[in-house]
Amino acid sequence: MTGSQSPESWNDAVLRTQHHPHFMQSLAWAQFKTGSGWEPSGQHLTNAAGDEVLAVQEFTRPAFGLGNLIHAPRVSGMTPDKVKVLTEHAKKLRGGKNLAYKIETYQQSDPELIAAYKSNGWIEAYPSQYQWSVTVDLTPDEDTMFANFGPKARNHLRFAMKADIEVNRVPFEEKNIVQLLELVGGTKDRSGAFFRSEDYLRKAWGTFDEAGQARLYMAHHEGTLIAAAVVFTFGKKAWYKDGGSIRTQKRLPAPHLMQWTIMRDLKAEGFEAYDLGNVPDPENITAGAMEGLWHFKTGFNSTVDTYMPAFEYPLNSKQKLWNKYETKFLGLYSRLRKDYWY
């Protein structure tokens, strides 16, 4: 956000100019990233006629001595015309210490849009965000939503409903946060999935909770916490952000019931879509430790979202070096700092 705009004016501009904008374009994400090494800046881009066409939030960080990387994460509502406007904006950032302008477009992969980026001088780049996910449409009635789930998911839900599992939305109080972190840690150890540090998670949850854009759900069975989930919201869309569960002797499908409860609550409040987050490449679901996530999430929707590739606009001659060796730079940073650069 730039100048003296209010939080409402920035968020309203994003909601007005982007379609189903991602929470990474909200003011809450800018507040969360402040002090992390990334400097946020909200830009109002206009066309030649002076009409506002895109409010885009950028984050700038020095990139390993090569110059500043300007990163616009999870931008939506892009069209070929908006690519031209963004390109003119990026051109103005050439020179000085700027390395490249990276955009990650939060839209289904589109050959026409890909061609628009390339024809305007953008180069495909390494994506910092997940490339595949599952999104549940919350606009049908509940019976239709349930019927649209896969047969295994429906069976798990019927079983869970009879298993005396209690799912509740709870406040972000310290005792609940501690329990959530324990579940996250256990899930990380069991699955090998990547999670950010405790400090990172606490700050993210706290920032979005204060902004009214976070909710915490917990599932108990016979008084024992067996699953929990954090959901972020922005506009009419919600995202499964973090969570964890424990394996029980009875193999209780608490996560299924918890996600169904979340979907019903979101629907009742007027949300239109729920992004369940990262799944593996549909062409290689057995790679790594994410096959279980694939089967769990695609049980709610068998159609997988494939997002646009990331693109960079070169701002100095070192962009070629960055584009070629970025993953090596990031790998070295992660090994030395035990953290993720983005």
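Let me begin with strand 11 (residues 273-278), which is mostly covered, since five of its six residues are buried, where buried means under 20% relative accessible area, exposed means over 50%, and partly exposed lies in between, with a 1.4 Å probe and protein chains only. When I say strand or helix, I mean a DSSP run, numbered from the N terminus, with at least two residues (E) for a strand and at least four (H or I) for a helix. Please keep in mind that this is a predicted model, in which local features need pLDDT of at least 70 and side-chain atom pairs count only at pLDDT 80 or more, while totals for chains, interfaces and linings use all residues. Residues are numbered from 1 along each chain as its sequence is written, and side-chain values use heavy atoms, with hydrogens and water left out.

Now, which strands pair with strand 11? Strand 6 is joined to strand 11 by four bridges, and these two run antiparallel, whereas strand 10 is joined to strand 11 by three bridges and runs parallel to strand 11; strands count as paired if DSSP finds at least two bridges between them.

Asp-164 counts as exposed, at 53% relative accessibility. By contrast, Ser-128, in the loop between strand 5 (123-125) and strand 6 (132-137), counts as buried at 10% relative accessibility.

Let me move to another part of the chain, around strand 3. Is strand 3 (residues 68-75) buried or exposed? Eight of its eight residues are buried, so strand 3 is largely enclosed by the rest of the structure. Strand 2 (residues 52-62) runs antiparallel to strand 3 and is joined to it by four bridges, with Pro-62 opposite Asn-68. The two form a hairpin with five residues between them, and in the turn Phe-64 has a positive phi of about 55°. Strand 3 is also joined by six bridges to strand 4 (residues 98-105), and these two run parallel.

Strand 3, helix 3 (residues 80-91) and strand 4 make a right-handed β-α-β unit, where right-handed means that, with the strands pointing away from the viewer, the path from the first strand over the helix to the second runs clockwise. The expected span of a helix is 1.5 Å times one less than its number of residues, so the 12 residues of helix 3 should span 16 Å, and the 17 Å between its end C-alpha atoms agrees with that. Among the buried residues of helix 3 are Val-83, Leu-86 and Ala-90. In the loop between strand 3 and helix 3 sits Gly-77, which is buried, with a relative accessible area of 14%. Gly-77 and Gln-107 are 30 residues apart in sequence, and their C-alpha atoms are 7.5 Å apart in space.

To finish, consider Lys-338, which lies in the segment after helix 11. Its phi is near 55°, a positive value in a residue other than glycine, and Lys-338 is exposed, with a relative accessible area of 71%.
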